[in-house]
Amino acid sequence: MRLEAVLGDITKQDVDAIVNAANQGLAGGGGVDGAIHRAAGARDLQAACREIGGCATGDAVATPGFALRARWIIHAVGPRYRDGAHGEPELLASCYRRCLEVADELGAQSIAFPAISTGIYGYPQADAAHIAVHTLRAAPTSVALARLVAFDDNTLRLYEAELQS
Ligand code: ADP
């Protein structure tokens with residue numbers, strides 16, 4: 001699998017599946033979740049999420065992409081960061097692995113990830129970038145391209161440093 005990092009808006013990515021940083025209730029929210037709901041069509045996406053009902057922290061579920069370029073949205077629920085000693089690294093790594101597993105089940109060839117948990121959920125950016133890159137590198141998958149989409153320069157720099165290590 002090719003792994004790359006770009007600066008950009010996840011809703012604009014021309015890939016088979018984009019990942020949403022969702023919450024357990026799949027209830028919609030601010031940040032990247034709000035942007036994805038607006039771009040996909042909030043009414044359709046809310047209805048699809050309501051039908052699924054919810055998702056555990058560390059897990060991921062798929063809906064159609066509706067008005068997005070991406071055919072699917074994979075909703076991953078990252079951990080809220082407390083102090084790093086409450087299973088947060090394992091749960092964040094699990095999100096990345098589960099997204100690839102769901103992508104494989106869908107037959108998606110390309111996937112784009114936001115920096116899960118690093119916004120409202122407060123995960124330290126450098127630690128989250130390390131986990132994202134190392135987990136994706138280690139995961140067995142048929143996905144050909146995984147793109148890490150940074151929404152700010154600092155996150156992009158962190159991804160680039162991890163990709164070079
Ligand atoms: P969480 O609740 O998992 O922390 P957030 O949506 O608050 O989720 O933030 C996750 C990351 O997504 C943050 O780094 C934020 O800057 C980024 N982000 C917000 N909007 C977008 C967007 N349109 N495209 C890509 N990343 C985004």
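Analyst: The largest cavity holds about 40 Å³ of space. This is a predicted model, where local features need pLDDT of at least 70, side-chain atom pairs count only at pLDDT 80 or more, and totals for chains, interfaces and linings use all residues. Residues are numbered from 1 along each chain as its sequence is written, and side-chain values use heavy atoms, with hydrogens and water left out.

On a 1 Å grid over the protein atoms alone, a cavity is a set of points where a 1.4 Å probe fits but cannot get out. A pocket is an open set with protein on both sides within 12 Å along at least five of seven lines. Lining residues have an atom within 4 Å of a point. Grid points are joined across faces, edges and corners, and a volume is the space filled by probe spheres set on the points.

Searching the whole structure gives one cavity of 30 Å³ or more. Its lining consists of Ala-115, Thr-118, Gln-125, Ala-128, Ala-129, Thr-155 and Tyr-159. H4 and H5 are the elements that give two or more residues to this lining. Helices (H or I, at least four residues) and strands (E, at least two) are DSSP runs, numbered from the N terminus. The largest share, three residues, comes from H4. By class, the cavity lining has four nonpolar, three polar and no charged residues. Here Ala, Val, Leu, Ile, Met, Phe, Trp, Tyr, Cys and Pro count as nonpolar, Asp, Glu, Lys and Arg as charged, and the others, Gly among them, as polar.

Now the two helices. The axes of H4 (residues 125-138) and H5 (residues 153-164) come within 9 Å and cross at roughly 40 degrees. H4 is therefore oblique to H5. Axes are lines fitted to C-alpha atoms, for helices over the stretch in contact, and angles run from 0 to 180 degrees between N-to-C directions. Angles under 35 degrees count as roughly parallel, over 145 as roughly antiparallel, 65 to 115 as roughly perpendicular and the rest as oblique. The H4 and H5 crossing is right-handed. That label applies if the near helix is turned clockwise from the far one by less than a right angle; anticlockwise is left-handed.

Contact means heavy atoms within 4.5 Å. On the H4 side, the residues that meet H5 include Gln-125 and Ala-129. Both also line the cavity. On the H5 side, Thr-155 and Tyr-159 are among the contact residues, and they too belong to the lining.

H4 has another partner. Helix H3 (residues 88-106) packs against H4 at an angle of about 40 degrees, with the axes 9 Å apart. So H3 is oblique to H4. This crossing is right-handed. Among the H4 residues that meet H3 is Ala-128, which is one of the cavity-lining residues. The H3 and H4 contact divides into nine nonpolar, one polar and one charged.

Last, the open space. The largest pocket has a volume of about 590 Å³. It is lined by 29 residues, with Ala-21, Gly-31, Val-32, Gly-119 and Ile-120 nearest its centre. Strand E2 (17-22), helix H1 (31-40) and strand E6 (145-150) are the elements giving two or more residues. H1 gives the most, with four residues. The pocket lining has 13 nonpolar, 12 polar and four charged residues.
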